[in-house]
Amino acid sequence: MRKATWISILASAAVLLAGSGAAYAVHTEVPKQLTGAPLLADTQRGSAPKSLKDIIYETQKLVVMIETKEGTQGSGFLYNNQGDLITNAHVVSGVKKVIIKTADARELEGEVIGISTDIDVAVVRVPDLAGMEPLQMVRSEKAEVGDDVIAVGSPLGFQNTVTTGIISGLGRSFEIEPYTYKDLYQISAPIAPGNSGGPLVSKGTGEVLGINSAGIEESSIGFSIPIINVLELAESWSAEPMTTLPELAFSDDNGVAQQDASISEYAGYLVTHFYDSLNNADYVYAYSLLGGNWKLGTSYEEFREGYMGTRNVVIDDMHVTAKGDDEATVTAVLSVDERVDGEYKLSKYQVTYEVGYENDQLKLIIGKGKAILQDKKRA
């Protein structure tokens, strides 16, 4: 064998031995130096922002309606994987067992395992919800004025209603017996009876910022307890449930919990949330608010198609006329951003709805509208 051939063989062997040594080092020594998470996973985690529709959908699945045998109604949201819900204390005061109505129409039993006499917060355990992935909580920084938020709850019994707004104030305080509310978020979204206990969610991340707790009558202002102020307390109840619940005495003028709404309030909220649903492209929920005869004349496909070109609806003015205790007429003036002939234009409409009950559910029985003003087209 020629000398050149031997040199080639020896060189190849050296390369193979070097490669084997390098492979051994990669598989044994290098992993010892890697203590962090994979860089690719870290880079991708949280990099794709969720759409507003995704955030609303994911939040609604984990928000429930809470009812007591005494007739109190409110909302709550899943905050851990033990099946525990955070809500307001005034929603579940004086009871141990409550009825839970989920977004997928199940009725479950819940038990109050913690309730405060100082802060308007409580925890309800629902064994059938154990193991579910909960909503994510903001655990460090508080929200700031101007942050976009979503309030989710069951105002006036309209389950899983979404209202958008902003943080309009910080550090608000007031008293509604037996609680003194301190360091609250003020939000530009109304909190009606039934909203109490629902989550205030970041419109950007879907994380829970607070607990919607109080509102001012006939106002678009609401108040929410920052979640970071009460999360430690809630977690202590989840770790060690109360064996005996304290008695709470509420005054008759409690503006948060015990408040009967008139047909005028119900009808106004129904129309408002009908258009909120359309703005969020939740056509299924909006269609569910129509009365039976209206649905007979308009299929869901026709209804959805009719609003596909509508980008946003703003209620400029609304007037409600009660017709007894169970019926009302709602007249509203709307500013509608809609697509016509391939372009968006701002139009004005006047709409009139007859609102009444069908099978104990408030519905839009019939509606009609007419254009009252149209602005110039714009791109």
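Select N80, which sits in the loop between β2 and β3; strands are DSSP runs (E, at least two residues) and helices likewise (H or I, at least four), numbered from the N terminus. This is a predicted model, in which local features need pLDDT of at least 70 and side-chain atom pairs count only at pLDDT 80 or more, while totals for chains, interfaces and linings use all residues. Residues are numbered from 1 along each chain as its sequence is written, and side-chain values use heavy atoms, with hydrogens and water left out.

Is N80 buried or exposed? N80 counts as buried because its relative accessibility is 11%, the limits being under 20% for buried, over 50% for exposed and partly exposed in between (1.4 Å probe, protein chains only).

Next, show the side chains of D84 and S238. The N80 side chain makes polar contacts with that of D84 at 3.0 Å and with that of S238 at 3.4 Å. A polar contact is a pair of N or O atoms within 3.5 Å; within protein, one must be able to donate a hydrogen and the other to accept it, and residues adjacent in sequence count only if both atoms are side-chain atoms.

Now select β2 (residues 73–78) and β3 (residues 84–87), an antiparallel pair with 2 bridges; pairing requires at least two bridges found by DSSP. Here F77 stands opposite I86 in β3.

Finally, display the closed barrel of 6 strands, in the order β1-β2-β3-β6-β5-β4.
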